[in-house]
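Here's a quick look at how two parts of a protein chain meet. Have the model open alongside as you read.

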Amino acid sequence: MYGWNGKILRVNLSKKKVEVEEYDADFALKYIGGRGFAAKILFDELKPGTDPLGPENKLVVAAGPLTGLPGPSLGKLVIAAKSPLTGGYGDGNVGTMAAVQMRRAGFDALVVDGKAEKPVYIYVEGEKGYILSADGLWGKTTFEAERELKEVHGKDVGVLVIGPGGENMVRYATVVSQEGRAGGRPGMGAVMGSKKVKAIVFKGSRDIPLADPEGYDKLAKEAYDDIKSRDNYGFWIRQGTMATIDWANENGVLPTYNFREGVFEFANLINGFAMEAAKVKRRGCPYCNMACGNVVLDCEGRESELDYENVAMLGSNIGLGHLGKVSVLNRIADELSIDTISLGNTIGFAMEATEKGLVKDGIEWGDFEKVKTLIYDIAYRREELGNLLAEGVMRASQKLGGDSQNWAIHVKGLEVSAYDCHTVPGMTLAFATSSIGAHHKEAWVIAWEIRTDREGYTEAKVDKVIEFQRIRGGMFESLVSCRLPWIELGFPLEWYPRLMKMATGMEVTLEDMLYRVADRIYALIRAFWVREFGQSWSRLMDYPPKRWFTEPITKGPHKGKMLDQTRFDMLLDMYYAKRGWDKRGIPTLTTFERLGLKDVAQQLSKTVTLTQ
Ligand code: PTT
Ligand code: SF4
């Protein structure tokens, strides 16, 4: 094979065993890489009911056939496992040298199984893997640990690392790299911590075998030039995702005060221009020529890398209108390896619970000093409130009771990311049907929706959600490649099959990737969820937070508006029908067969009755 290395490294920590497994072209073409590989491995190898924080869960780090090649924004990987936050399939995407070095070390994926007796880190080099002692590293922040590992193994190694949040199994602990890249919102860092793995270090030295290396280089150069010639390139380089603060506020979708409102009175103090004033440098993922990591100095004089989601969730959503302070919270979250989205969502929830008297001596809106302490309490699971919030908003609301479940803003247990949906039914459907819980990474239809027909409940919106899920959740997550060149600068999708052809020698068309591979991955992930929840699975799992249906927005241009439950249900029915899923949201036998997943259907039918 070309493009793919054809090898997966398997590390069993309980047995202290490391093995190399080979896979063939059929597997590669059916699942491509990244999320496709991870979903297949987790469905096939995890028994239903596996404890996500137990040794039987598996952590999969997976790349795709283009990952690690010089070329537009190809330095990313997927990290996946059964999620301790949701109980379903979980994954995240990180841009990191670890992606490049894993591929250059000869592997397309790493699967970690079992649990170490004492803290360890996994070191991969020269087509081999080693389990090494993490004595002296455990307890350190992600920044400290990565620096120490680089001192030992060299500054060019790729490192995936957790901090105290992951070690203490905060259910939304993430995995961090390069002091400002993070991935795995649904608790992938907690899974690493449960296995006592502090870090995974990759060092590569070989070239990835390509079908046409010269042709590939020429094409990649043209692709880079195309990106640079795009109209929005200059502004993107200046603000990156931070420009979204103004856009979201102007359009009334900036999450504010625990998703009660869509506009924030201090938005101009945390927007892209405020960021530009504090910016000291720009960083990015490997091989990216539109690097968007905006590094600012926070108000403690330390560097912090900002993105829209971080700032919205730790800014407007918790009532904090001061970018320097938001930057401190963001940097601490990275040091401790806690997902900023779930963190800001959960803290916003705690502030509302305090306001409503459900939490005594809790925390007020915008109280920076108290939030800072609370983040450490969450990471170390100390104090009652810290420990409660470390469980995530779904479990916290179940424990607090009252009507708090109505304003616990999550889907399937994953906290909603930074878009208020009181007035955007299409984006609501996107959150509801995302394959890991409420994440915007798959169908970010909101900009299109606001531009076209904001409040309509239309078939066009269902089509758009599915189209974006195919492109973003299917193609980009399996390739594995950054989607921002396409979504932000209009870099055409047609480049990817061309690059694939040069790299792999295989003719994989866009149609194949979107209508076969992507749909297959969605059905497979859905099967994983349904198998886990068994008889208790129902379409209610795909319902968005109650707040958006029951409490209208009270401020801004959309004052008085909210969603309509009956019409949302109609959208959901339409979505299921178009996907070939039944009214419970379960793929039918015909759908599984059409996607080459007969074996999955057989497995799943042991748990639930499948319809024709
Ligand atoms: C992603 C989610 C996002 S999405 C953001 S900011 W965004 C938050 N970033 C966090 C962070 O930082 N630190 C932290 N402790 N927690 C964080 N949680 C949040 O995680 C990121 C970019 C961004 S910035 C986005 S949109 C795009 N995401 C991509 C994706 O998902 N897939 C893909 N093929 N390409 C993507 N390109 C863009 O990458 P999750 P990164 Mg991230 C510090 O992880 O779990 O997927 O959630 O990867 O390397 O940091 O790049 O406005
Ligand atoms: Fe990474 Fe940003 Fe480049 Fe995407 S555009 S690869 S997120 S630096």
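## Domains

The protein is split into domain 1 (7-203), domain 2 (239-414) and domain 3 (429-604), with bounds taken from an automatic or database domain assignment. This is a predicted model, where local features need pLDDT of at least 70 and side-chain atom pairs count only at pLDDT 80 or more, while totals for chains, interfaces and linings use all residues. Residues are numbered from 1 along each chain as its sequence is written, and side-chain values use heavy atoms, leaving out hydrogens and water.

## Where domains 2 and 3 meet

Taken over C-alpha atoms, the centres of domain 2 and domain 3 sit 26 Å apart. Contact (heavy atoms within 4.5 Å) links 26 residues of domain 2 with 33 residues of domain 3.

The buried area comes to about 2300 Å², with carbon and sulfur atoms giving 65%; that's the accessible area (1.4 Å probe) that the two parts lose on being put together, summed over both. On the domain 2 side, M290, V411 and K412 lose the most area to domain 3, together 29% of what that side buries.

## Charged pairs and the domain 2 face

The rule for salt bridges (a side-chain nitrogen of Lys or Arg within 4 Å of a carboxyl oxygen of Asp or Glu) finds two across this interface. R547 and E352 also meet through their side chains in a salt bridge, at 2.5 Å, N to O.

As for secondary structure, α13 (340-355) and β16 (410-411) each supply at least two residues of the domain 2 side that touches domain 3. Helices (H or I, at least four residues) and strands (E, at least two) are DSSP runs, numbered from the N terminus.

Definitions and conventions:
Chains lettered and ligands numbered in written order.
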